[in-house]
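User: I would like to learn how to read a sheet and an interface. Can we work through an example?
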Amino acid sequence: MQKTKTLKLLKAPLWIFISCMMLSSFAYAQGPKITGVISDKKSGAPVARATVAVKGTSRVTITDDAGRYSIQAAPGDILVVTFTGRVSKEIKLGSSGEMNIVLEEDFSKLDEVVVIGYGTSKKRNVVGATDIISAKEAGATTSTNPSQLLIGKAAGVQVIQSNGTPGADAQIIIRGTGSFTSVDPLYVIDGIQGDKNLFNTLSAQDIDNITILKDASSTAIYGSAAANGVVIITTKRAKSGVPKITVSSQYGVAKAWKKLDLLNAAQYVDLLKDFAATNNTTLPAKFNTPAVLVDSNNWQNNILRTALVSESNINLSGGSEKVTYGLSLGYISQESIVEKFSNKRFNARIYLDEKLGRFHFGQSLAIRQTKSVGQTASLTSAIQYAPYKPIYDKSIPGGYSIESNVEDFSNAINPLQALNLEHPVNTDYIFFPQAFAEVDLIKGLRFRSQFSAEIGGNKSTNYKYPYTLSNYLTSPRQATLGYGSYSFYTLENYFSYDRRFGNHTVSATLGNSYIDPGESSGLSAAGSNLANDNVQNISVAPLQTVTGTSYGYAHTSLISYFGRVSYTYNSKYILTASIRRDGASNFGANNRFGNFPGVGVAWNLSDEDFMKKASFISNAKLRAGWGRTGNNSIPTTGITSVLTFSGSPAGNAVYSLGSSEAFANGTSINTLANPAIKWESTDQTDIGLDISFLKNKLYMTVDWYNRKSSGLLVQVPIPGSTGASNTGGQPSIYANAASVVNKGIEFTVGYRGNAGKFSYNVNTNFSYNKNKVLSLGDRFSAPIKAEGITYTTPGSPIGAFYGYRLDHVAKDQAEITALNAKAPGGVFQDGLLPGDFVFKDINGDGKVNSSDQEILGSPIPKFIYGFNAGANYGNFDLNIVVSGIAGVKVINGIKSTTSMEANGHNATTSILDRWRKPGDVAKLPRAGQSANGSGNLRPSDWNMEDGSYLRLRNITIGYSFPKNIVGRITSTNIFTGIRVYVAAQNLFTIAKYTGYDPELSGNTYIFSRGIDGGALPQPRTIMAGIQLGF
Amino acid sequence: MLLVSVIVGTDSCKKSKLDLESRSAYDFSNYFTTKETMNEAVISTYATLIHQGLWARDYYFIFDLMGFEAKQTTNLQGGFLQLSNYSFGTDEGDIANLWNSLYRMVFRANVVIDRATIWNPSTPTDQLLAKQYIAEAKFLRSYAYFNIVNLWGAAPLIKSYADVLQNNYMPRTPATAIWAFIEADLTAAIPDLPVTYNASTDLGRAGKGAATALLGKAYLYQKKWALAQSTLTLLTQAPYSYDLDPSYDNLFSSTNQNSVENIFQIMNGAWTDWSIGNQYYMFGGQETWGGKATHSGRAQEYGFKDWFNTYVTTASVKAFQYPNPVNGTPYVDPRAYSTFYGDKPSGGDTVYCESCAGGKISYPFNAADPQGDYSWRKYEYYDKTPSFGGPQSSINGQVIRFADVLLMIAEASIQQGNFGSAPLGLINRVRQRVGAVSYPSLGGSQTAAMNILMHERQLELCGEQLRYFDLIRWGIAKQTINSLKLVEPKDGTQPFQDKHVLFPIPNVEKDYNPNVAKDIANDWN
């Protein structure tokens, strides 16, 4: 019994095997024949090259160009028809003769090839949690950078635009914050390791699809680099055939979607009067004149503008069966929504692919050049600068008005001054060549060698007109020039083996990888004492000084060995195991190598007989995996040993000696070493279920994960008393300091359907993540504090906000006296005056002191969600992307400007609700009183706000001209397709946040996330574009 | 290509590829092995004297304001304003910078001592140098701890580089242990330091006299009167040749580095050009974006024709007016002229630009100024130019000068019950240099003598960042400052609380050092 079953199972795939080998040449005929036409349900067109087999036999054929087939089969036989992208069909023959078969679209994509680490796999056989985002569905046409493709598309993937400055990159965070030093995932571009920089090098137009590997069973093969997940980018490849040319172009305008209400001149002067009274000072004489009451300028309006955005792309591809080629060119020009910055980017990519017998070669070269001109005006300065001030003032060198404490009781900066008097120009370029060679050695065994390099550089110049800035500080005429360059390469070799033995499929990968440290260097110089402004560069400066030099490595050097085995039984049971051993130059000789194993299993349970009855379930797969990944993102040198410091640039550490007080050079050290530092590791367990219903039209994925990171690499601030820092800096040390856990659930549901001319797809994803620090290690048991308000301690999220809770503003002295009377020791809150914030006595001991602080909130969102939908009706298409986060807090850092007066400056109308005289019940404290970090500005929930938002990222409506109209427009048939569209980005945002924009990445430093320091908000952009195919 | 890759791949997998050495800095372990590089380590320790919180800018603001010799004009804002009216909190940035920079001085001194001990030079000359470098480092370390123990009392005491490596989280050590460490350091340093240095190349380094003076001062502050007197008296004898500068004004001029009165100064060099250094380096650019710069911001910051951040307090101005010690008639001390600009009755200088091309100009005293329009003349150079246009002053800050030493000797002997001719002679010697009327006697009691001594220190050393320390160590800071502020025009506050006798342990320490944090009472110190 047992034996026969095995035999049967072994027999089953034989026909598939034969069909692959013999294709249409299989033609011997005996017995009754059946013939027919295979057609597509949606289009009604015949399907050529579909496979028709008789189940349980070795008989197989394929359809011809007319969709016609002919095969020997008897009544009772079962015909199996398969075709890529269509649902396979099994039909039991009733009688011989004609049998036409209609194939339906397959929504399951189970046979879709998924790119995984060092290879590919059918989606059916993938054991890990992966998301595949096709650029077409993601609205690639309107994306100005590749990260925009990912917004709102995948569960557990958060994309944060750094800020609204054109050309600014984005932070992609997968499954919460697991590492302290970096949240960036690994980027793999066409199979070769890259980084965020390279990812941003690509044009969104060049990307075919992006696969996100989230669980460690699939990422462990990338070992050290994969602790934060892996983003695999597959670029567009050419297909053989006549050259295809597409041209697209879009133009649009971008604007700020929110403004704050600023005080007018009268209200501002009133505020300064209050401030002066608080500080026992008198206002300068001009405040007795009517000049200060004139509303000359709303500085916010002065700096905000309607920015122009344009993008154009040309793609050309084609080739023969042996050689394919492609070329793409792109150009983007963007202006900032504030004066006076613009960014231009030029992309080019050339690629070739050659097949030569058992050899396969590919080469590509991506080039990017960006040029940014000017600087952005500061929103904070625009809020602060006096409304009575004119823009220009001829009496001030440089021609722009300024404030000084002496005359204006304020030293706020004219927001239009520097950006009109300084002209920085930065040019960056990157070359990114990639090449691979593959050879099929013996059946199933392939060797691949791949090489990539990153060669980059920049040039920066600046010319400053001589001018006088606030408080009459002088900025001299100066021209600067700087160059930098870097380069390094990656080389990888691996064998892969893929073979089926009956019901058993085995695949294996074994290889090594080397990343060369390469080098980086830079030089900058400044020229001064220029005679006039006629020649605006350093070459004419009589005094030229080197202001900076650098020499180092472009990358950490890494040597790795990796291997993976996969075993699939009957496409039902899948087991994958991998291991990688990484050696990195960051660590000392004893800690250099780390081992990163991974294992995953999957069960296609819908293929089981007992599931067949539940026909409403089209597919179901259970997955489970565990893996370990690492992190070494710390500087390449100077961590395990101590380096000398003689100023930055070297030679700047001086002291004067001798009767002429000449400079003498000094050298010391400013860091402490940690020779014991070692790999950070992340262990992740993932359990998931993929299930689809209604012929795969409705699909769902659920994943649960538990991601525990230990030995986290941290640059921990250490006490000032150690002395190991530069002037003005806080000492810090790199260490494996903590462990943290991210647990979460991800849920995706989607539906694809069509009804006549109408076809549509909707997809919603939702994830919940809980971030918790488990321990801070032995050495760093002290909570890690940063930015005065974040606090990292066991039991709370990384970089949680910590401080006091605000109660109210003290009304009068009587109230304070009453509070003090009840307080032990007679003081309720140290230094409390009428008009000050009264904070909550959290621990209930009758007074407010440092023990009345607690965790106030977390900057790491608990919920991330996205919704995207696409629809086609006839020639119209629609794409909508909505994304949002919830369960998150942000610190509105500009509130200390908009709503508090620690020194003289303008503010927003919120400050009108301040305490002015005894008895006032006010929201905000008295101007200028106790406006310090142990008074009203102590860390508290006063400026903490709900950071949740829901944002309509993108909405695009397009129209493709029908073929016949295209033909009519261009009688020469020059166009094969024309599509026009309009799109809007960030059309609306629903948020409670009172600052400019709740979408904050804050500082890249992990302990200071979610703090708004006045970053440029994301603009609202409206665009129109056209795509032409030739 | 395939073949090439395999070969390169194999070749590159050598382990040495993982041993990367810095290309932008030397390795600490083998750099400090010559007298030149060791000297660099010493220089870098001196360089901390002009780091943030210290002498390039903040130090004079902090102590002139808190000692109530200077007060805010409307131009003074932010942290200094809070120091000025005693409303600062534990997050005050200048105090944090001062703390961090003093400990950076300790750290760099410890590095010098650590390396010089390992150096083991072969020639006798170099062996002497090694000792001298260690002694200089010990002087600077003592200077740092002297400030730390006076301002904060109990504080972390880091005795060596190895200490830091072993424990980044040093608990506080009682003040007595810090004082003992200072005494031991200076006692050890004195024999190894030269009396004088080569004037053209090394003037400004701490010599035997500087260490002796600081040791005597340390005794004085601990009320070890006899030791203070005997130690400080050494400075009046051979091998030392210190004397009072015949010109009081010369002490606060751009050539003050060459004065015979110097015992230890901060060496501020003139700012010359943007291509060399940044005029605003003292705002945190030291050793980094500031380029090469060592100048002082004081002239620009205080100068009435420039940033004019502070007035001289009316309290200080009035201190220069007192009854003539001989006949009791109203008297104005001649040092008023050198210390501030004001009106004629105040005794302050009434003209500036004495040596300008366009001739002298009257000081525009505003009699209607409700604050009292007295501005700083000491450490300014308006005699040479009508305005500075930017920070560039080369006028050195004084740490210890001979007049201070003479007054300290006088004080030590008064405190030992001797208020006779010896202390009287010392005080009158200081007075005679400026042509002030000599005291006929010190008043016949220890209290009277101390009052004269305290007043004399106030006048002689006004604006030299010593009064705050004096008021604290004399135990009269609260009563003095509150009573003076109460009657100061446009002030009328009494902000000095008991907690203010010590600086708060700054948040930058408290937040990152649990061993210090748990030891702090009332969130302050």
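Analyst: Start with a strand pair. Two strands pair if DSSP finds at least two bridges between them. Strands here are DSSP runs (E, at least two residues), numbered from the N terminus. In chain A, E11 and E16 (residues 207-213) pair in the antiparallel sense over five bridges. A:Ile133 has A:Ile210 in E16(A) as its bridge partner. This is a predicted model: local features need pLDDT of at least 70, side-chain atom pairs count only at pLDDT 80 or more, and totals for chains, interfaces and linings use all residues. Residues are numbered from 1 along each chain as its sequence is written, chains are lettered from A and ligands numbered from 1 in the order written, and side-chain values use heavy atoms, without hydrogens and water.

User: What is the order of the five strands in the open sheet?

Analyst: The order is E11-E16-E17-E14-E15 in chain A, with mixed pairing. Strands E11 (130-134) and E15 (192-194) of chain A are at the edges with a single partner strand each, so one side of each has no neighbour in the sheet.

User: How is the size of an interface given?

Analyst: Often as the accessible area lost when the parts come together. Here that means a 1.4 Å probe, with the loss summed over both parts. Chains A and B bury about 8700 Å² between them, 56% of it from carbon and sulfur atoms. A:Tyr655, A:Glu661 and A:Thr727 supply 9% of the area chain A buries against chain B, more than any other three residues.

User: How many salt bridges cross the interface of chain A and chain B?

Analyst: The rule (a side-chain nitrogen of Lys or Arg within 4 Å of a carboxyl oxygen of Asp or Glu) finds four. A:Lys785 forms a salt bridge with B:Asp511, with the closest N and O atoms 3.3 Å apart.

How values were computed
Buried area is the accessible area (1.4 Å probe) that two parts lose on being put together, summed over both. Helices (H or I, at least four residues) and strands (E, at least two) are DSSP runs, numbered from the N terminus.
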